[in-house]
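The entries follow the order in which I looked things up.

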Amino acid sequence: MPSQLWLADVARNAGLEVIEVDGWRDRGRTYCSMRPRGVVCHHTAGPKSGDMPSLRLLINGRKGLPGPLSQYGLGRSGKVYVVAAGTSNHAGAGGWRGLKSNCDVIGVEAENTGNEPWPKRQLEAYVALVAAICDHLGINTSMVAAHREWAPGRKPDPHSINMDDFRQWVADVRRGVAVQPKTPRLKKPDIEFDIGRVTVAQHENDFHPDVRRAQGLLSAYSPVPPGAVDGVAGPKFDRSVKEFQSLKGLAVDGIIGEKTWRAREGAD
C-alpha cells in the first residue's frame, strides 16, 4: 500500500497548524494503490460544537463504510488533522475530469454541520491546504472538485461554497496572490424536516435524500405537484407540502414532521 507520507509536511509548509493523528502513516484501505491526481472537498455533517468532533468517525468509519474516510480533517479553528496516508473511503461512486476512484483523489473533510456559517480562519485554511496539495501533486487547479460535483444528485457538500470561486482562490494562492476568501452567506432554507426528531435545513441547490423521498410521496398524494423528484427543495415543493398538510387536516406549517411524513394513504 503506497502511502502519501508527504501529507503532514505539505500542510505544515503552507503555514498551517498540523495535528498528526496517531497511526496516520499506516492507515488506509488496501483495495487499491493511491495515485492522487485530484482533490475532493467535503463537509462532515457532524456535531454543532468542537473543533474536530468527527475525528473518530473519519478514522474508524461508520456502519457499512469502514474508515478511514479521508486523508485530512479540517477543524473549525483551521487546524489540519492528518488522518490517513493511504486510500480512504471518501469520494465513492462518481468522478471528475477523468478521475473515478478513491485511489485518484485526496479527500479533505472540513468540520461543519452542513448548515452553519464557515468560520473565516477555517475557510482560509481550506484554500491554503488545497493549494498546497495541488502544488505538491503538480496538478491543475481544475482538478479540485466539490463532493457534490463528483457525485451530483447524491452529495451536497461542501455546502454553500461556490466552487468556481473556491478554485479561483486556490489558483490565486498558488500564484502568490494574497487571498481573503469571502465567507458564503447562507440562504434561508427552502424547507425544513424534523423527521425522527432530527432537523434538516434544506438550502437552495442542496441535495438531500429525504427531500427526494418526500417528493416521491407528494407526487402521489398531494393535489399540487412538488416538481421534479431530484432531491432539491424549492417553491413548488413548499406549496406541495402545505397543500398536502391542508388535505390531511394537519397544521399547515410547511415542515415535514413525523405526522406529515406518515399521513400518506396506507401509512402505518
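I count a residue as buried under 20% relative accessible area, as exposed over 50%, and as partly exposed in between, with a 1.4 Å probe and protein chains only. This is a predicted model, in which local features need pLDDT of at least 70 and side-chain atom pairs count only at pLDDT 80 or more, while totals for chains, interfaces and linings use all residues. Residues are numbered from 1 along each chain as its sequence is written, and side-chain values use heavy atoms, with hydrogens and water left out.

**Entry 1: overview**

I took helices (H or I, at least four residues) and strands (E, at least two) as DSSP runs, numbered from the N terminus. The chain has 8 helices and 11 strands. Of its 268 residues, 49% are buried. I then looked at contacts, meaning heavy atoms within 4.5 Å. Among those between residues at least 6 apart in sequence, 63% join residues at least 24 apart.

**Entry 2: cysteines**

Which cysteines are joined by a disulfide? My criterion was a pair of cysteine sulfur atoms within 2.5 Å. The search of the whole structure gave 1 disulfide. It joins Cys32 to Cys103, with 1.6 Å from S to S. The angle about the S-S bond is -105°, and the link of Cys32 and Cys103 is left-handed. Cys32 sits in the loop between β1 (18-20) and β2, and Cys103 in the loop between β6 and β7, so that the pair links distant parts of the chain, 71 residues apart. Cys32 is buried at a relative accessible area of 18%, and Cys103 is buried at 2%.

I checked Cys41 next and found it in no disulfide; the nearest cysteine sulfur belongs to Cys134, 8.6 Å away. Cys41 counts as buried because its relative accessibility is 1%. Cys134 is likewise in no disulfide, and its relative accessible area is 0%, which makes it buried.

**Entry 3: nonpolar cores**

I defined a nonpolar core as a set of buried Ala, Val, Leu, Ile, Met, Phe, Trp, Tyr and Cys residues joined through side-chain atoms within 4.5 Å. The largest has 48 residues, and Tyr72, Tyr126, Val130 and Phe166 touch the most other members. Elements that each supply at least two residues of this core include α1 (7-13), β2 (38-43), β5 (72-74), β7 (105-110) and α5 (163-174). The biggest contribution to this core, 11 residues, is that of α3.

I listed the partners of Phe166, not counting residues up to four places away in sequence: Cys41, Tyr126, Val127, Val130, Val144 and Ile161. Another core lies apart from the largest one; it has 11 residues, among them Leu217, Ala233, Val241 and Ile256.

**Entry 4: strand β7**

Is β7 enclosed or open? I found 6 of its 6 residues buried, so β7 is largely enclosed by the rest of the structure. In a regular strand the side chains alternate between the two faces of the sheet. Val105, Gly107 and Glu109 are buried on one side of β7, and Ile106, Val108 and Ala110 are buried on the other.

For pairing I required at least two bridges found by DSSP between two strands. β2 and β7 run parallel and are joined by 6 bridges; here Val40 stands opposite Gly107. β5 and β7 also run parallel, with 3 bridges, and Gly73 stands opposite Glu109.

**Entry 5: helix α7**

The 13 residues should span 18 Å, and the end C-alpha atoms are 18 Å apart, which agrees. Its buried residues are Phe237, Ser240, Val241, Phe244 and Gln245. They cover an arc of only 135° around the axis, so they lie on the same side of α7; the arc is that of the directions from the helix axis to the C-beta atoms. The face turned away from the buried side carries the exposed residues Pro235, Lys236 and Leu247. Just after α7, Gly249 takes a positive phi of about 70°.

**Entry 6: Ala93**

Ala93 is in the loop between β6 and β7. Its relative accessibility of 59% makes it exposed. Not counting residues up to four places away in sequence, Ala93 touches Trp150, Ala151 and Arg154. Ala93 and Trp150 are 57 residues apart in sequence and 8.1 Å apart in space, C-alpha to C-alpha.

Methods
Expected span 1.5 Å × (residues − 1).
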